[in-house]
Amino acid sequence: MTEPPEASDEAAQPTPGARTGPAGASGSDAPTGSTSPTSPVGSPDAGRGPGALPPTGARSVNGRATAAGVIVSALLILAIVLGSRLLENFDSALLPYAVATVFLAFGVAYRYTVWVSAPGARRLFKQGWRSFFSVANFRRAPTALPRMIATYLGFQKFLGARSHARWAAHQLIFWGCVLAALITFPLTWGWFTFTSGSGSGPGYEMRIWGFKIIGFDSLDFLGWLMFHGLDIAAVLVIPGASYFLWRRMKDRGAITGQRFAYDLVPLIALIVISVTGLLLTFSSLFLHGGGYEFLAVLHMVSVVFTLIYIPFGKFFHIVQRPAAVGMQLFKYTARQDEEVFACRRCEEPIDTGPYVENLRGTMRDLGLDFDEWAEYCPRCKRVLRGSAYLSQVKKGYK
């Protein structure tokens, strides 16, 4: 590959807005797209950026996504029926929650299929799975995958570099939601049941798919944990969500770019779910069931709304996050091979060689003709772009 023209060579500089050369390079790690200058105004492709799917391609992606959603939803319904022993252990009072989880399954499958159909996500997705199933990677670094899972999924150490308070709040929300999901979903689907031989305890049996797992006394510590697991989850979620809500009300940087439906509604929903859940317990223990029915309906509405909202709002990053494990594993194994790529101008390390090549491939898939600029660090791209601006747009400006 030939070296891109230096900014001082005026004869070779691209015109402003061209898709090649410093003037067209992005100042970030991944150059962004621009509209294609070759599409005539009246053509069907006019107004669409490079890499945009044609109408037939978009219909194909939507068709695959819809089919994926229907299949996943059908499998979940089948799992509910079989896991509850042909609905024998299914609680009809939890039907709204179960229906919401079916809609959740459809939405997640639909949006995930659309997401991985994009060139960039598709390449990263394939590279991640290739690294995951690589026998050579496992032999070279057998503990890499567990460490990546713990780092990027469990403890999310990358958040600690930004702010310790944000990391702690995110951990509270994460583990609270994980605990709530592990309890709520199996109960909703009829997979978990708690039965008592006397009908009112204190001895209970926990069964999964109808098979006895453990027996416990509801009056001892284990029994208290069993019956108050959702309360513990709520106590974890409330301070974490409240911190982020407070931050979005006070932090100028957060206020500038936030959107109510995208950034504030998820936090409010988590707080409403947690508070109403705790109030249900409070009503049972101290109010002899006073106001329980109203609180139960309010709690159910908030949970159902949140489950349906997950695939189409900010919570979708929960589904996307596991893909980061494969990508980090891909980059980690490349570093083990010392395949670090240096900037072609300042020779500072950018990233691993395979990652840079993967980025270039994505840019080519998108129809961007300046993929060689992925081989420059962000600082050098800004310098070259500024030099091109002075030489092409503001010639002679000092």
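The model is predicted, so local features need pLDDT of at least 70 and side-chain atom pairs count only at pLDDT 80 or more, while totals for chains, interfaces and linings use all residues. Residues are numbered from 1 along each chain as its sequence is written, and side-chain values use heavy atoms, with hydrogens and water left out.

**Overall**

- The protein has 15 helices and 5 strands; helices (H or I, at least four residues) and strands (E, at least two) are DSSP runs, numbered from the N terminus.
- Of its 398 residues, 36% count as buried; buried means under 20% relative accessible area, exposed over 50%, and partly exposed in between (1.4 Å probe, protein chains only).
- Among contacts with a separation of 6 or more, 61% are between residues 24 or more positions apart; a contact means heavy atoms within 4.5 Å.
- The accessible surface comes to about 22500 Å², and 65% of this belongs to carbon and sulfur atoms. Accessible areas come from the Shrake-Rupley method with a 1.4 Å probe, and for residues only the protein chains shown count as cover.

**Strands**

- An open sheet of 3 strands has the order β1-β2-β3 with antiparallel pairing; two strands pair if DSSP finds at least two bridges between them.
- β1 (192-195) and β3 (211-217) each have a single partner strand and stand at the edges, so one side of each lacks a neighbour in the sheet.
- From one strand to the next, the twist averages 25 degrees; axes are lines fitted to C-alpha atoms (for helices, over the stretch in contact), and angles run from 0 to 180 degrees between N-to-C directions.
- β1 and β2 (residues 203-208) run antiparallel and are joined by 4 bridges, and Thr-193 has Arg-207 in β2 as its bridge partner.
- β4 (residues 340-342) and β5 (residues 349-352) pair in the antiparallel sense over 3 bridges, with Pro-349 in β5 as the bridge partner of Ala-342.

**Helices and burial**

- Gly-107, in helix α2 (residues 95-117), is buried, with a relative accessible area of 0%.
- Not counting residues up to four places away in sequence, Gly-107 touches Pro-311 and Phe-312.
- Gly-107 and Val-70 are 37 residues apart in sequence, and their C-alpha atoms are 9.5 Å apart.
- In helix α5 (residues 144-154), the residues Ala-144, Met-148, Tyr-152 and Gly-154 are buried.

**Positive phi**

- Arg-85 is not a glycine, yet has a positive phi of about 60 degrees; Arg-85 is in the loop between α1 (55-83) and α2 and is partly exposed at 38% relative accessible area.
- Trp-209, also not a glycine, has a positive phi of about 55 degrees; Trp-209 lies in the loop between β2 and β3 and is partly exposed at 46%.
- Glu-347 takes a positive phi near 65 degrees in the hairpin of β4 and β5, which has 6 residues between the strands.
- Gln-156, which follows α5, has a positive phi near 45 degrees.

**Nonpolar surface patch**

- Val-275, Leu-279, Phe-282, Leu-285, Phe-286 and Leu-287 make a nonpolar surface patch of about 550 Å².
- Patches are made of residues with over 30% relative accessible area and no salt bridge; like charges are joined within 9 Å, and nonpolar side chains (Val, Leu, Ile, Met, Phe, Trp, Tyr) within 5 Å. A salt bridge is a side-chain nitrogen of Lys or Arg within 4 Å of a carboxyl oxygen of Asp or Glu.
- Leu-287 lies in the loop between α11 (260-286) and α12 (292-309) and is partly exposed, with a relative accessible area of 43%.
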